[in-house]
Amino acid sequence: MKKFIIAILLLAAGLLPTKADNITVDGTSRSYIAYAPQNLGENRPLFIFCHGSGQDANYMLNTQFRDTQNPERKISIENVCDTAKFVIVFPNGIGNQWDISGNRDINFVKALIDKMVAQYKIDRNRVYLGGFSMGGMFTYHAMNKIPDLIAAFVPVSGYPMGGATANANVRPLPILHIHGTADDVCVFSGVQPALNVWIKHNGCPTTAQVKNNYNGFSGAKMHSWGPGNDGVYVKLLELPNKGHWVCKEPQVYTGKEMWNFCKDYSLNKTSPTVRITAPTAGHNYISFAPADAVTFPDITITATADDSNGTVEKVEFYDGTTLLATCTAKPYQAVLTGAVKGKHTLKAVATDNDGETSTATVEVTLQAPASITISSDFKEGGALPAGWTTFDGKERRVGYSNGYSLGCRVLQFTGSPRGLNYGLYFRNVEGKARQGWAKYGLSDGSTTLTLAPGHYTLKYKICNWNKPEFSPVELNIENSTGSVSIAKQTYTPTINIGNVASNSFGNLQQQSFEFDITEHGNYAIALYTADVVYGDCILGQLILTANSYEHTGIDATLNDKEEMNNNICVYDLQGRQVTNPRHGLYIKRSAEGKNGKKIFVR
């Protein structure tokens, strides 16, 4: 009876062929509403959009995707479908809810795709999925479950409340997230942490391109991160002062924005696929050295490339617009040497036998500071910031990652008074020796910390989380590989927060750890908990400063080999003559073997 009434209403509105129907999935009858334009044709796209919690398909179609209050504006999803010629399906969740952790509704979506393919001869390569509120949470869930079935994803006003995750084996995914800044159900501040996970996974630049007053809508912003691997984008449409609803403003109508984003993506790319596997997007190279002797490690860029309907003829590597190497066979890799500080866009361009190309990019940053406040990234509860790696005796975590409600992570404190707003919590679950730690500068944490010989100071603030008897913390400066300690200091906190983030606690006293580096190299800052069960630490401040550098014995610094006099012979530190010196230390002598001096080639 209910379906009959819905059909009569739709017929009266002149909106058929909208169809309410059912399908049996895993022994359960599941319902949905589909809209298919007249003269659809074959091999057309399919969009599946899931309602919010407590809503249903009928509400989503009739209330959220039609502007019934202003019919003269003709804002409706049917208009978009009629123009672009695609089918849209609004499924119903069981009990007006979605399964956002298991396979119940994933199987429903898979069954819907199969039915729409059979009924409308849909192109399986152009199936798109979106959802509002809890439907948006389900959309994020589906990204890890059925990335091989969905070409692009559009969550609206919803994200995983426990934090987003991206499985390592999932392909780069195109994502458009639409959200109002005044949303009081899924607050806007939670959007960026969810997107950060996929920005990193997709290898997108970490800095967005922003279009202000998007489409002429005052205050609207379109944030675009990309292109990443396989040329995909992650985008955020920020809607000023909009709450927890689907936007129906003509300039930024949700239905149209969804389609305009998704229409560019298909699962059956004829162009080659290419992905940069190293370095990771957002990798930070930090080099402490005298201003005239700053050098960064060689950066090896590796990529994978293949072509589903042909062969990959070549992969070209670029630093910005500068060609680094051309590879015509696997392994595809290039080395960036002598790079200068600043942001670098590393690019791999794959060309197939048909002349089609695809591009992958990652953005890395090279810094040469005199001082750096490492703890400035402690600003998101439940996350592990980039640059950090933790281990608690059982689980190793690598930043940037988020969605943690237990274990090593950043905690946000809300008590009053409080000595910290945020702090990095790490622990030792079983109390085994040196099995609870947090390290900054390991390669898997997306940060490389290079230190020149000199005298340094590490300023820090530390307390305990749940150790009223107080347990010491050991700070170490280690080689970034091998965990060999160069210098260390032990500090026993005098403040314990008490295992509750809303507890009050006083100001932490700043401590100082001075140490010397005698050999130029890559290092990690390591902090170890006490070797006791659930030994813990809250790190609230960490500032690294170079006080002075040792004399290196360098007599000259050259920008490149072109500055060398033809009468000068250059040798490496093993005494071998070098005709094409890269950056680093060398010995120069005249042709007669006189005047041996150290030089530094940038």
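Q: In what order do the strands of the open sheet run?
A: Strands and helices here are DSSP runs numbered from the N terminus (E, at least two residues, for a strand; H or I, at least four, for a helix), and two strands pair if DSSP finds at least two bridges between them. In this predicted model, 10 strands form an open sheet with mixed pairing, in the order β1-β2-β4-β3-β5-β6-β7-β10-β9-β8.

Q: Before we go on, how are residues numbered, and what does the model being predicted ask of local features?
A: Numbering starts from 1 along each chain as its sequence is written, and side-chain values use heavy atoms, with hydrogens and water left out. Since the word "predicted" matters here, note that local features need pLDDT of at least 70 and side-chain atom pairs count only at pLDDT 80 or more, while totals for chains, interfaces and linings use all residues.

Q: In which sense do β7 and β10 pair, and over how many bridges?
A: Strand β7 (residues 175-180) and strand β10 (residues 234-239) are joined in the parallel sense over six bridges, with Leu239 in β10 as the bridge partner of Gly180.

Q: Which helix packs on the sheet and touches β7, β9 and β10?
A: Contact means heavy atoms within 4.5 Å, and directions are compared through axes fitted to C-alpha atoms, for helices over the stretch in contact, with angles from 0 to 180 degrees between N-to-C directions. Helix α6 (residues 191-201) is the one that touches β7, β9 (221-225) and β10, and its direction makes about 165 degrees with that of β10.

Q: Which residues have the most contacts inside the largest nonpolar core?
A: Buried means under 20% relative accessible area, exposed over 50%, and partly exposed in between (1.4 Å probe, protein chains only); a nonpolar core is a set of buried Ala, Val, Leu, Ile, Met, Phe, Trp, Tyr and Cys residues joined through side-chain atoms within 4.5 Å. The largest such core has 51 residues, and Leu46, Val87, Val89, Leu195 and Trp198 have the most contacts inside it. Helix α4 (residues 104-120) supplies the largest share of this core, nine residues. Another core, of 40 residues, lies apart from it and has Met60, Ile75, Phe86 and Ile178 among its members.

Q: What does Trp198 touch?
A: Residues up to four places away in sequence are not counted, and among those that Trp198 touches are Tyr140, Met143, Ala164, Leu173, Ile175 and Val234.

Q: How should I read the two faces of β12?
A: In a regular strand the side chains alternate between the two faces of the sheet. In strand β12 (residues 284-288), five of the five residues are buried: Asn284, Ile286 and Phe288 lie on one side, and Tyr285 and Ser287 on the other. Strand β12 pairs in the parallel sense with strand β18 (residues 357-367) over three bridges, where Tyr285 has Leu366 as its bridge partner. Five bridges also join β12 to strand β25 (residues 447-451), which runs parallel to it, and here Ile286 stands opposite Leu449.

Q: Is Leu346 buried or exposed?
A: Leu346, which is found in strand β17 (residues 342-352), counts as buried because its relative accessibility is 0%. Leaving aside neighbours within four places in sequence, the contacts of Leu346 include Ile276, Pro279, Tyr318, Ala360 and Val364. Ile301 is also in contact with Leu346, and the C-alpha atoms of these two residues, 45 residues apart along the chain, are separated by 7.9 Å.

Q: How many aromatic pairs does a search of the whole structure find?
A: A pair of aromatic rings is described by the distance of the centres and the angle of the planes. Rings of Phe, Tyr and Trp (its six-membered ring) pair if their centres lie within 6.5 Å, with planes under 30 degrees apart counted as stacked, over 60 as edge-to-face and the rest as tilted. The search finds 19 pairs. Phe86 and Trp259 form a stacked one, at 4.4 Å centre to centre and 10 degrees between the planes. This pair links distant parts of the chain, 173 residues apart, with Phe86 in the loop between α3 (77-84) and β4 and Trp259 in helix α7 (residues 254-262); both residues are buried.

Q: Why is the pair of Trp388 and Tyr440 called tilted?
A: The ring centres of Trp388 and Tyr440 are 5.4 Å apart and their planes stand at 55 degrees, so the pair is tilted. Trp388 lies in strand β20 (residues 388-391) and Tyr440 in strand β24 (residues 437-440), 52 residues apart. Trp388 is buried, with a relative accessible area of 0%, and Tyr440 is buried at 4%.
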